[in-house]
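Work through the exercises below with the sequence and the coordinates at hand. Each task is followed by a solution that goes step by step.

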Amino acid sequence: MTVQPPPREDAPGRIPVGLSSASVWPQPARAAFEMAADLGFDGVEVMVWADAVSQDVAALRRLSDQHGVPVLAVHAPCLLITQRVWSPEPEERLRRAVVVAGELGASTVVVHPPFRWQRRYADGFSDLVAELEETSGIAVAVENMFPLRPPSTLNRLRGAKAGGLSAFTPSPDPTEVGYRNYTLDLSHAAAAHVDAIDLLKRMKGGLAHVHLADGTGAPRDEHLVPGQGNQPCAEVCEALAADGYRGSVVLEVNTRKARTRQQRAAVLAEALRFTQEHLRPLSST
């Protein structure tokens with residue numbers, strides 16, 4: 001079966017739709033560029049992690065040039081599994097992500113709020129983000145996260161509240177601190193039991209980047225294809241189109257169950273069609 005990509009739309013003011021390299025995991029970053037080109041995505045967000053290519057500016061530039069797919073954003077290595085990528089120091093990892101984004105022509109770096117145990121990093125995080133944006137011209141867009149919900153026994157041992165235990169300081173919601181630029185992630189909003197529309201409104205004016213994926217409210221980061229959960233994915237896309245949003249929408253969906261390249265392509269093509277349909281201005285429908 002051959003997957004037919006949605007037609008590419010080049011209307012002025014159209015919101016670019018990108019593919020996160022996390023969406024092809026466990027395939028490497030190379031596969032994300034290939035898939036983005038084949039399916040008609042407007043670019044790629046590079047998740048920097050254990051894959052050596054994702055850490056290599058020259059390799060990423062070659063892939064971008066080879067496939068004609070720009071790098072829209074770089075996701076700094078701030079996951080638990082990437083704490084040693086580039087450097088054990090989180091500040092150095094973020095600084096390097098900004099440098100890499102600049103060298104690749106990306107306008108945005110996505111970063112998570114600091115973990116609670118990263119006290120020195122957390123103390124200077126707001127100032128660091130502001131400094132990097134001022135000196136680079138790149139948006140360092142802080143992403144909304146979600147609390148952990150450990151089993152009830154562990155809750156009692158740790159004295160956690162029913163809502164869960166946040167691993168982030170001071171909050172998994174960056175709007176409680178206030179930054180110039182934000183990344184809105186709908187899968188994270190689902191896991192946090194946060195109203196995504198309310199979060200969108202709080203980020204309005206500072207929204208630089210969107211991770212589009214669905215969720216059901218389960219206590220984990222599901223990253224479902226938009227339309228397969230209970231999040232307002234369509235409503236968010238329509239609001240972005242109506243408000244003249246100038247950032248990118250990046251699909252960050254889970255395709256780990258795909259057994260073949262064609263199965264993965266079919267999932268991503270479905271997600272791309274959904275996104276393009278709902279990002280289309282109402283006047284053009």
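**Exercise 1.** How are α1 and α2 oriented to each other: roughly parallel, or roughly antiparallel?

*Solution.* The model is predicted, so that local features need pLDDT of at least 70 and side-chain atom pairs count only at pLDDT 80 or more, while totals for chains, interfaces and linings use all residues. Residues are numbered from 1 along each chain as its sequence is written, and side-chain values use heavy atoms, with hydrogens and water left out.

Step 1. Take helix α1 (residues 29-39) and helix α2 (residues 57-67), whose axes come within 10 Å and cross at roughly 20 degrees; helices are DSSP runs of H or I with at least four residues, strands are E runs of at least two, and both are numbered from the N terminus. The axes are lines fitted to C-alpha atoms over the stretch in contact, and the angles run from 0 to 180 degrees between N-to-C directions.

Step 2. Apply the cut-off: angles under 35 degrees count as roughly parallel, and α1 and α2 are therefore roughly parallel to each other.

Step 3. The crossing of α1 and α2 is right-handed, that is, the near helix is turned clockwise from the far one by less than a right angle. On the α1 side the contact (heavy atoms within 4.5 Å) is made by Arg30, Phe33, Glu34 and Ala37, and on the α2 side by Leu60, Leu63, Ser64 and His67.

**Exercise 2.** Which residues lie nearest the centre of the second largest pocket, and which helix gives the most to its lining?

*Solution.* Step 1. On a 1 Å grid over the protein atoms alone, a pocket is an open set with protein on both sides within 12 Å along at least five of seven lines, a cavity is a set of points where a 1.4 Å probe fits but cannot get out, and lining residues have an atom within 4 Å of a point.

Step 2. The second largest pocket is lined by 17 residues, and Lys204, Gly205, Leu207, Leu240 and Tyr245 lie nearest its centre.

Step 3. At least two lining residues come from each of α8 (196-203), β7 (207-212) and α9 (233-243), and α9 gives the most, with 4 residues.

**Exercise 3.** Which helix gives the most to the lining of the largest cavity?

*Solution.* Step 1. Of the 14 residues that line the largest cavity, Pro77, Cys78, Pro90, Arg93 and Tyr121 are the closest to its centre.

Step 2. Helix α3 (residues 90-104) gives the most to this lining, with 3 residues.

Key:
Parallel < 35°, antiparallel > 145°, perpendicular 65-115°, else oblique.
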